[in-house]
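Please keep the sequence and the coordinates at hand while reading.

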Amino acid sequence: MTNAVEQKFIKVIVFQLADKEYAIPVTYVRGIEKLMHITRVPKTVSYVKGVINLRGVVTPIIDLRERFGIKGSDNEDNVRIIIVQLNDMEVGFVVDSANDVLDIPSSAIEPQPEVIGSLEEEFISGVAKLDKRLLILLHLDKVLNPNK
Amino acid sequence: MEVNQYLEMFIDESKEHLQACSEHLLELEKNPDDLAIVGEIFRSAHTLKGMSATMGFEDLADLTHKMENVLDAIRNEKIHVTPDILDVVFESVDHLEEMVQDIASGGDGKRDVQSTVEWLKRIEAGETPPHHDADTEKATQAPEQTATTNLKLVYDDFEKTVISQSVEQGVKAYEISVTLRDDCLLKAARVFMVFEILEKNGDVIKSSPTVEKLEEEQFDSLFSVAFISKESASDLQQKLMKVSEVDVVEVTEIDVAAFKEVIEEKPAEPVKKPENVESATVPATPAQPEKKTSAAAKASTPAASKTIRVNIERLDILMNLFEELVIDRGRLLSIADEVGHGELSETVERMSRTMGDLQNIILTMRMVPVETVFNRFPKMVRQISRDTNKKITLEVIGAETELDRTVIDEIGDPLVHLIRNSCDHGIEKPEVRRQKGKPEEGTVELRAYHSGNYVFIEIEDDGAGINRDKVLEKAISKGVITPETAGSLTDKQINELILASGFSTADVVSDLSGRGVGLDVVKTTIESLGGNISIESTQDVGSTFSIQLPLTLSIISVMLVEIEKEIYAIPLSSIIETSIIRSADILNAHNQKVIDFRGKVVPLVFLEEVFEVPRNEAVDDEFHSVVIVRKGEKLAGLVVDSFIGQQEIVLKSLGDYLTNIFAISGATILGNGKVALIIDCNALM
């Protein structure tokens with residue numbers, strides 16, 4: 001990494017769903033909250049867990065594990081809600097744990113390899129290889145689009 | 001001058017002045033001899049002219065100026081007020097409103113008002129506009145000959161003064177009409193040559209059509225100019241005849257004596273200069289006797305109350321902040337309850353009371369009198385009655401009734417529609433009314449009043465009423481109802497069929513209403529505001545449309561209920577009462593569980609099933625808590641586990657991500673910080 005100075009970095013929030021690590025650019029993230037009381041909203045799709053009171057704002061909560069069809073970890077202690085904002089929409093993601101803030105060099109990001117072929121594939125904008133870690137970058141637009 | 005910072009104020013004030021103009025014009029139409037009203041209009045117009053000139057909106061200032069001239073002539077009893085003259089003045093006010101609107105939305109306030117201006121000028125000169133449709137007349141048409149003089153041209157005060165003064169100084173004034181040959185190709189060029197000759201020999205005072213129009217060749221073959229010169233008439237004629245392609249030149253000397261009298265009639269009046277020159281026209285209005293004819297006019301005198309202007313955005317912010325406080329109040333109340341500390345409870349209690357007062361003040365601050373919506377209707381009804389040749393008077397009662405601004409913003413269009421509907425379909429033509437033994441003039445009454453937590457707006461007409469059979473027939477043919485159900489409908493239900501979508505009973509589709517898309521939109525809008533609409537009608541006697549609206553939309557009273565562990569809020573406005581029923585009282589009718597509630601069969605809605613509330617174990621209670629809710633005439637019983645109590649809550653939206661959730665109209669935050677959903681009872685019926 002001789003020319004590291006010239007390299008562009010993306011700051012991301014890294015979180016975990018089951019055994020995989022995912023990343024969202026920090027510019028979308030409004031905050032990370034501990035799990036709090038979620039009010040169920042009837043007649044919605046299963047991954048919409050309901051709404052929370054986020055400092056006076058009623059915010060919908062999506063369970064990413066259910067959205068991607070992953071079985072989450074049993075340990076509920078580390079479960080966090082990541083509040084993201086896209087356009088004017090504010091939504092919370094339930095994740096198994098939120099562990100890191102990282103700078104990833106844009107050169108480390110590769111497009112999604114096509115062979116994976118799992119349900120979550122279409123929500124992924126790319127993967128980043130850092131040393132021995134593999135981060136999956138999320139495509140927020142698609143995650144929040146209820147038609148997908 | 002940097003004027004942008006004043007723009008908002010300018011727009012606000014212009015709107016107020018235009019509104020004042022319209023109101024007083026309507027009044028003037030009723031009392032054409034009351035010159036005090038003219039004075040009022042004149043004052044508003046004058047201020048508006050001054051403001052728009054300062055702000056650099058010259059078109060606006062110019063049109064106002066022309067209108068002012070007419071008003072001035074009326075004030076000085078030179079012109080008698082007739083509906084036709086008022087038509088033109090109304091048209092000018094309409095144009096002015098459009099211009100202000102344009103400026104408000106970022107435009108430059110420019111608008112083509114040639115024909116109106118032309119008419120204003122002609123009225124000022126003493127002509128009577130033709131009945132109606134002044135604007136369809138060709139603006140370029142040369143003014144007709146006036147009866148009093150032989151002149152073809154019409155002069156304003158300034159021009160008259162100039163002409164008389166020149167004559168006094170020994171210069172002759174002529175009116176020259178030039179007719180070009182029919183086969184003339186370059187009319188503009190010939191006009192130019194004529195003007196060149198004229199300008200060498202004297203001064204052109206005025207031309208008709210205007211010079212601009214002449215240059216654009218917007219005239220047939222004849223044009224006239226007023227001209228002062230030392231040359232003799234025959235010399236001028238010969239000189240002009242030398243221009244090729246000129247057919248006829250007529251030179252007549254202007255008889256100054258004819259309009260000298262007119263000028264002398266008002267010697268105190270300062271000389272008027274056309275366009276833009278502002279200072280000379282300051283009228284002697286303060287001397288006007290302060291005679292007010294109606295109570296309404298008295299109420300509108302600005303000195304009556306001290307007010308400041310506050311940006312609505314700031315009020316919205318204030319409201320939002322207060323909503324936060326309401327949530328915290330709920331929280332404090334429940335904490336104080338838990339802790340059971342005497343002093344804490346007392347303080348919280350006192351704070352709650354103060355907040356209650358504060359809430360009232362904030363809510364009333366956001367209240368706007370319905371007048372702001374109502375005030376455009378008199379003019380609209382006047383226009384409709386002239387368009388349809390019906391005689392309609394609009395009576396407005398309770399315009400001072402106040403409503404939340406958010407409601408006011410939404411209610412305008414539905415009301416326009418309903419009033420048009422009443423005028424168009426309700427009120428009959430004068431001859432039909434005579435046959436029915438009713439007065440020729442129909443009345444539409446617009447009423448607003450407070451009652452409890454609601455505001456009622458009613459539109460009553462003494463027109464044809466709703467034809468029950470015709471409505472039924474139409475509803476069946478359009479598939480709104482089936483012939484079988486038709487028999488069981490009450491009169492009221494039949495009346496309300498006209499609010500169903502895809503319904504229009506007018507035999508002839510007019511441009512006023514009758515497209516069949518209107519009344520259902522009215523209904524939807526009103527329901528989305530949390531209100532409802534009902535109709536009462538008697539054939540040949542008239543109809544009443546009654547709208548019930550909540551006072552405010554942001555803080556509402558609800559009943560909190562519990563189902564398993566979930567808490568839901570039901571707006572008090574839809575609740576009739578709560579009751580406890582035994583399982584044995586539940587009856588079955590067509591797979592629908594119903595109860596007998598005070599002699600009425602009321603269907604039961606088990607919220608637990610509708611909302612798919614997860615239950616750990618099935619409960620089989622002997623008793624059920626039921627909330628009886630209402631939508632219009634329909635009742636339903638919502639079955640819940642238990643009642644928690646009544647509370648004031650702040651309405652919050654579920655956000656952009658969750659839209660169109662079934663039977664949920666929004667959410668609120670409870671005292672314990674949790675979110676509770678608000679049930680939309682209308683969707684459950």
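What pattern does chain A follow when read along the sequence? Chain A follows β-β-β-β-β-α-β-β-β-β-β-β-α, where helices (H or I, at least four residues) and strands (E, at least two) are DSSP runs numbered from the N terminus. This is a predicted model, in which local features need pLDDT of at least 70 and side-chain atom pairs count only at pLDDT 80 or more, while totals for chains, interfaces and linings use all residues. Residues are numbered from 1 along each chain as its sequence is written, chains are lettered from A and ligands numbered from 1 in the order in which they are written, and side-chain values use heavy atoms, with hydrogens and water left out.

**The two chains**

The secondary structure of chain A comes to two helices and 11 strands, and that of chain B to 23 helices and 22 strands. In the table, buried means under 20% relative accessible area, exposed over 50%, and partly exposed in between (1.4 Å probe, protein chains only). Accessible areas come from the Shrake-Rupley method with a 1.4 Å probe, and for residues only the protein chains shown count as cover.

| Chain | Residues and buried share | Accessible surface |
|---|---|---|
| Chain A | 148 residues, 46% buried | about 7800 Å², 50% from carbon and sulfur atoms |
| Chain B | 685 residues, 48% buried | about 35000 Å², 50% from carbon and sulfur atoms |

Contacts (heavy atoms within 4.5 Å) can be sorted by sequence separation. Among contacts in chain A between residues at least 6 apart in sequence, 55% join residues at least 24 apart. In chain B, residues 24 or more positions apart account for 70% of the contacts with a separation of 6 or more.

**Salt bridges**

Side chains of opposite charge can pair when their charged atoms come close. With a salt bridge taken as a side-chain nitrogen of Lys or Arg within 4 Å of a carboxyl oxygen of Asp or Glu, a search of the whole structure finds 35 salt bridges over all chains.

One of them joins A:E110 to A:K129, with the closest N and O atoms 3.3 Å apart. Because A:E110 lies in strand β9 (residues 109–110) and A:K129 in strand β10 (residues 124–130) of chain A, the pair ties together parts that are 19 residues apart in sequence. A:E110 is partly exposed at a relative accessible area of 34%, and A:K129 is likewise partly exposed, at 48%.

In chain B, the side chains of B:D409 and B:R405 meet in a salt bridge at 3.1 Å, N to O. These two residues are four apart in helix α16 (residues 405–426), so about one helical turn separates them, and B:R405 is buried, with a relative accessible area of 16%.

A further salt bridge brings B:R615 and B:D641 together, their closest N and O atoms being 2.8 Å apart. This pair links distant parts of the chain, 26 residues apart, with B:R615 in the loop between α22 (607–610) and β18 (623–631) and B:D641 in the loop between β19 (634–640) and β20 (642–650). B:R615 is buried at 19% relative accessible area, whereas B:D641 is partly exposed at 33%.

Salt bridges also link B:E428, B:R433, B:K436, B:K438, B:D462 and B:D540 in a network.

**Surface patches**

Patches are made of residues with over 30% relative accessible area and no salt bridge, like charges being joined within 9 Å and nonpolar side chains (Val, Leu, Ile, Met, Phe, Trp, Tyr) within 5 Å. Lys and Arg count as positive and Asp and Glu as negative, while His and the chain ends are not counted; the place of a charge is NZ of Lys, CZ of Arg, CG of Asp or CD of Glu.

On the surface, B:E23, B:E371, B:E400 and B:E402 gather in a patch of negative charge. Of these, B:E400 sits in the loop between β6 (392–397) and β7 (402–404) of chain B and is exposed, with a relative accessible area of 58%.

A nonpolar surface patch of about 260 Å² is made by B:L318, B:I361 and B:M365. B:I361 belongs to helix α13 (residues 342–365) of chain B and counts as partly exposed at 49% relative accessibility.

**Positive phi values**

B:R598, a residue other than glycine, has a positive phi near 50°; B:R598 lies in the loop between β16 (592–597) and β17 (600–606) of chain B and is exposed at 64% relative accessible area. B:A663 is not a glycine either, yet has a positive phi of about 65°, and B:A663 is buried, with a relative accessible area of 3%.
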